[in-house]
Amino acid sequence: MEIFEEFEEFISRYLNPLTDFGFHKIFGNKDLLIDFLNGVMREEGLITDIQYLPPEQWGDLETERKAIFDIFCITEKGDYFIVEMQRAKQAFFRERSIYYASLPIQKQAQRGIWNFQLKAVYIVAILDFVLFDEQEGDKEQVVEYVHLMRERTKTLYSDKLRFAFVELPKFRKTEEELENHFDEWLFILKNLSRLKDRPVTIQGRIFEKLFQLAEIKRLTKEDMETYRKSILEYHDVRSAVDYAREEGIEEGREEGREEEKIIVIQRCLQKNMSIDDIIYLTGFSKEQIIRYKESDIL
């Protein structure tokens, strides 16, 4: 089944925007990224220009753990946007988003006297899984916004840290049901690689550019090979994480049986994944993984 899915994605007319290659091909275009961010942040004209920044960020010291953002940019107002794409559910994803947001905040600290006037930091996460399902109404809320709020008054504490989580599995509208420009974005992100032609209802300069960029036949030979590897890499990672979830090992739970943990780590190591990547994907501790790796169990 997985082999068929990989082949189907590879021969489709348009890129899969949820692969690393497809995501960066589309959102590496400034016009497309600005248009999408203005849609998800719900404020028309919020952003007029952006500058892409290096995606690799370190803590205060180079010896500290680094973070590699999918896309990191700054607006004309000086506000920071971290745009992440995640296709498989991961342990501690909410905590990771907080850690990511903390880095641009720390980097704003000036030496000497500092008045603590911060530029805003936004996390926009495009998810191919459901993150919020614990409250009534969660199943219908495609974009979840998270702010710093005062508990008693339910008023905003600070507008300098904001999160927007786009949960694509919750978007179920058909082409005929699309109501606005952002609906069209969600439809494209979820269905682009399955489309045979550009939908007649999705028009305009922005989407014309998107469909041109996403057309596979326009790729160079080198880009085609990179895209193929991107598809295969996704399926490798997804299979390992899906196995963990099916066996009840997710969100840092420790009640999973020992042999199930061994199988998950074994599959990751067989894909030549690094220890940091296995921690990132499964939530297992570094000590657990090293212990299994160095033992005769695997």
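1. A definition first, for the strand discussed below. Buried means under 20% relative accessible area. The model under review is predicted. Every value here is computed from that model.

2. Start with strand β5, residues 80-86. Seven of its seven residues are buried. Both faces are covered. On one side sit Tyr80, Ile82, Glu84 and Gln86, and on the other Phe81, Val83 and Met85.

3. Now the neighbours of β5. Strand β4, residues 71-75, runs antiparallel to β5, and four bridges join the two. Ile74 has Tyr80 as its bridge partner in β5. The two strands form a hairpin with four residues between them. In that turn, Gly78 has a positive phi of about 95 degrees. Strand β6, residues 121-127, runs parallel to β5, with seven bridges joining them. Gln86 stands opposite Leu127 of β6.

4. The sheet as a whole is open and has six strands. Its order is β1-β4-β5-β6-β8-β7, and the pairing is mixed. The edges are β1 (50-52) and β7 (143-149); each has a single partner strand, so one side of each lacks a neighbour in the sheet. On average, neighbouring strands are turned by 20 degrees against each other, direction ignored.

5. Further along the sheet, β6 pairs with β8 in the parallel sense, over seven bridges. Ile123 stands opposite Phe163 in β8. Helix α3, residues 30-40, packs on this sheet. The helix touches β1, β4, β5, β6, β7 and β8. Its direction makes about 120 degrees with that of β1.

6. Some totals for the chain. The protein chain holds 10 helices and eight strands. Of its 298 residues, 47% are buried. Take the contacts between residues at least 6 apart in sequence: 62% of them join residues at least 24 apart.

7. Salt bridges deserve a separate look. The structure holds 13. One of them joins the side chains of Glu167 and Lys170, at 3.0 Å from N to O. Both Glu167 and Lys170 are buried.

8. Another salt bridge pairs Lys173 with Asp183, with the closest N and O atoms 2.6 Å apart. The pair links distant parts of the chain, 10 residues apart. Lys173 lies in the loop between β8 (156-167) and α5, while Asp183 is in helix α5. Are the two partners buried or exposed? Lys173 has a relative accessible area of 26%, so Lys173 counts as partly exposed. Asp183 is at 7%, and therefore buried.

9. Glu215 and Arg218 form a salt bridge too, with 3.3 Å between the closest N and O atoms. Glu215 is buried because its relative accessible area is 7%. Arg218 is at 52% and so counts as exposed. The pair belongs to a network of salt bridges that links Arg13, Asp197, Glu215, Lys217 and Arg218.

10. Two residues in the loop between α5 and α6 are worth checking. The helices are α5 (181-191) and α6 (205-214), and Ser193 lies in the loop between them. Ser193 is buried, because its relative accessible area is 12%. What does Ser193 touch, leaving out residues up to four places away in sequence? The contacts are Ser12, Tyr14, Leu15 and Asn16.

11. Thr201 is also placed in the loop between α5 and α6. With 43% relative accessibility, Thr201 counts as partly exposed. Residues up to four places away aside, Thr201 touches Glu175 and Glu184. The side chains of Thr201 and Glu175 make a polar contact at 3.2 Å. Thr201 and Leu178 are 23 residues apart along the chain, and their C-alpha atoms are separated by 8.6 Å.

Technical notes: Residues are numbered from 1 along each chain as its sequence is written. This is a predicted model: local features need pLDDT of at least 70, side-chain atom pairs count only at pLDDT 80 or more; totals for chains, interfaces and linings use all residues. Side-chain values use heavy atoms; hydrogens and water are left out. Buried means under 20% relative accessible area, exposed over 50%, partly exposed in between (1.4 Å probe, protein chains only). Contact means heavy atoms within 4.5 Å. Two strands pair if DSSP finds at least two bridges between them. A salt bridge is a side-chain nitrogen of Lys or Arg within 4 Å of a carboxyl oxygen of Asp or Glu. A polar contact is a pair of N or O atoms within 3.5 Å; within protein, one must be able to donate a hydrogen and the other to accept it, and residues adjacent in sequence count only if both atoms are side-chain atoms. Axes are lines fitted to C-alpha atoms, for helices over the stretch in contact, and angles run from 0 to 180 degrees between N-to-C directions.
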